[in-house]
Amino acid sequence: MIFTPPTLNNLRGVTRAVVIELARNHGISVIEQNLGYFDMYTADEVFVTGTAAEVAPIVMIDGRSIGSGRPGPVTRQLMAGFRTITETEGTPIYPP
(Lines give C-alpha, C1' and ligand atoms only; values in the text may rest on other atoms or scores of the structure.)
Protein backbone atom coordinates (compact mmCIF):
# COMPACT_ATOMS: atom_id res chain seq x y z
CA MET A 1 0.00 0.00 0.00
CA ILE A 2 1.27 3.47 -0.89
CA PHE A 3 0.30 6.59 1.01
CA THR A 4 0.76 9.94 -0.69
CA PRO A 5 -0.22 13.43 0.40
CA PRO A 6 -3.06 15.10 -1.43
CA THR A 7 -2.02 17.66 -4.02
CA LEU A 8 -2.89 20.64 -1.88
CA ASN A 9 0.70 21.75 -1.25
CA ASN A 10 2.43 19.78 -3.99
CA LEU A 11 2.04 19.63 -7.74
CA ARG A 12 -0.32 17.32 -9.59
CA GLY A 13 2.59 16.30 -11.79
CA VAL A 14 2.52 14.01 -14.78
CA THR A 15 5.20 11.79 -13.24
CA ARG A 16 3.19 11.45 -10.03
CA ALA A 17 0.06 10.52 -11.99
CA VAL A 18 1.91 7.93 -14.08
CA VAL A 19 3.47 6.33 -10.98
CA ILE A 20 0.09 6.17 -9.22
CA GLU A 21 -1.44 4.52 -12.29
CA LEU A 22 1.52 2.15 -12.56
CA ALA A 23 1.17 1.17 -8.89
CA ARG A 24 -2.55 0.52 -9.24
CA ASN A 25 -1.94 -1.54 -12.40
CA HIS A 26 0.42 -3.69 -10.31
CA GLY A 27 -2.29 -4.21 -7.68
CA ILE A 28 -0.78 -1.75 -5.19
CA SER A 29 -3.36 0.37 -3.37
CA VAL A 30 -2.68 4.12 -3.38
CA ILE A 31 -4.27 6.24 -0.66
CA GLU A 32 -4.10 10.02 -0.52
CA GLN A 33 -3.94 11.39 3.02
CA ASN A 34 -2.01 13.93 5.02
CA LEU A 35 1.35 12.61 6.20
CA GLY A 36 3.57 13.76 9.05
CA TYR A 37 7.14 13.12 10.15
CA PHE A 38 6.09 10.06 12.15
CA ASP A 39 4.59 8.50 9.01
CA MET A 40 7.83 9.01 7.09
CA TYR A 41 10.12 7.92 9.93
CA THR A 42 8.21 4.66 10.39
CA ALA A 43 7.58 3.87 6.72
CA ASP A 44 8.95 0.70 5.15
CA GLU A 45 9.87 2.73 2.05
CA VAL A 46 9.79 6.35 0.95
CA PHE A 47 10.18 7.74 -2.55
CA VAL A 48 9.49 10.96 -4.38
CA THR A 49 8.56 11.57 -8.00
CA GLY A 50 9.43 14.35 -10.37
CA THR A 51 10.19 15.11 -13.98
CA ALA A 52 13.97 15.02 -13.56
CA ALA A 53 14.10 12.56 -10.66
CA GLU A 54 11.46 10.18 -12.06
CA VAL A 55 11.10 7.79 -9.07
CA ALA A 56 13.77 8.60 -6.48
CA PRO A 57 14.17 6.48 -3.34
CA ILE A 58 14.61 8.25 -0.01
CA VAL A 59 16.64 6.06 2.34
CA MET A 60 17.32 8.53 5.16
CA ILE A 61 15.35 11.38 6.72
CA ASP A 62 16.84 13.57 9.45
CA GLY A 63 19.64 11.05 9.95
CA ARG A 64 17.15 8.18 10.42
CA SER A 65 17.27 5.20 8.10
CA ILE A 66 14.04 4.43 6.35
CA GLY A 67 13.26 0.71 6.35
CA SER A 68 16.45 -1.20 5.62
CA GLY A 69 18.26 1.98 4.56
CA ARG A 70 18.12 0.83 0.93
CA PRO A 71 15.49 1.23 -1.80
CA GLY A 72 12.70 -1.24 -1.06
CA PRO A 73 10.98 -3.72 -3.39
CA VAL A 74 7.98 -1.50 -4.19
CA THR A 75 10.22 1.46 -4.98
CA ARG A 76 12.46 -0.70 -7.19
CA GLN A 77 9.40 -2.15 -8.97
CA LEU A 78 8.02 1.32 -9.68
CA MET A 79 11.43 2.60 -10.81
CA ALA A 80 11.72 -0.28 -13.28
CA GLY A 81 8.15 0.11 -14.48
CA PHE A 82 8.54 3.84 -14.98
CA ARG A 83 11.80 3.29 -16.87
CA THR A 84 10.04 0.81 -19.17
CA ILE A 85 7.26 3.31 -19.87
CA THR A 86 9.68 6.10 -20.70
CA GLU A 87 11.76 3.84 -22.93
CA THR A 88 8.79 2.47 -24.87
CA GLU A 89 6.30 5.36 -24.86
CA GLY A 90 8.42 8.43 -24.33
CA THR A 91 10.07 10.67 -26.90
CA PRO A 92 13.86 10.45 -26.75
CA ILE A 93 15.76 13.70 -26.40
CA TYR A 94 19.24 13.53 -27.84
CA PRO A 95 22.00 15.93 -26.82
CA PRO A 96 23.20 18.30 -29.56
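Helices (H or I, at least four residues) and strands (E, at least two) are DSSP runs, numbered from the N terminus. The model described here is predicted: local features need pLDDT of at least 70, side-chain atom pairs count only at pLDDT 80 or more, and totals for chains, interfaces and linings use all residues. Residues are numbered from 1 along each chain as its sequence is written, and side-chain values use heavy atoms, with hydrogens and water left out.

The chain has three helices and six strands. From the N terminus on, these elements follow the order β-α-β-α-β-β-β-β-α. Along the principal axes, the C-alpha atoms fill a box of roughly 45 × 25 × 25 Å. Of the 96 residues, 24% count as buried. Buried means under 20% relative accessible area, exposed means over 50%, and partly exposed lies in between (1.4 Å probe, protein chains only).

Rolling a probe the size of a water molecule over the atoms shows where empty space is left. The search used a 1 Å grid over the protein atoms alone. A pocket is an open set of points with protein on both sides within 12 Å along at least five of seven lines; a cavity is a set where a 1.4 Å probe fits but cannot get out. Lining residues have an atom within 4 Å of a point. Grid points are joined across faces, edges and corners, and a volume is the space filled by probe spheres set on the points.

The largest pocket has a volume of about 940 Å³. Its lining counts 32 residues. Ile 2, Phe 3, Thr 4, Leu 35 and Phe 47 lie nearest its centre. At least two lining residues come from each of β1, α1 (14–25), α2 (37–41), β3 (46–50) and α3 (73–89). By class, the lining holds 18 nonpolar, 10 polar and four charged residues. Here Ala, Val, Leu, Ile, Met, Phe, Trp, Tyr, Cys and Pro count as nonpolar, Asp, Glu, Lys and Arg as charged, and the others, Gly among them, as polar.

The second largest pocket holds about 150 Å³ of space. Helices α1 and α3 each supply at least two residues of its lining. Helix α3 gives the most, with four residues. The residues lining this pocket include Val 14, Phe 82 and Glu 89. Four are nonpolar, three polar and two charged.

One cavity of 30 Å³ or more was counted.

Phe 3 belongs to strand β1 (residues 2–4). With a relative accessible area of 39%, Phe 3 is partly exposed. Together with Met 1, Ile 31 and Leu 35, Phe 3 makes a nonpolar surface patch of about 370 Å². Patches are made of residues with over 30% relative accessible area and no salt bridge; like charges are joined within 9 Å, and nonpolar side chains (Val, Leu, Ile, Met, Phe, Trp, Tyr) within 5 Å.

The structure holds one salt bridge, meaning a side-chain nitrogen of Lys or Arg within 4 Å of a carboxyl oxygen of Asp or Glu. Glu 32 pairs with Arg 16, and the closest N and O atoms are 3.7 Å apart. Glu 32 lies in strand β2 (residues 30–32) and Arg 16 in helix α1, so the pair ties together parts that are 16 residues apart in sequence. Glu 32 is partly exposed, at 44% relative accessible area, whereas Arg 16 is buried, at 13%.

Methods. Accessible areas come from the Shrake-Rupley method with a 1.4 Å probe; for residues, only the protein chains shown count as cover.
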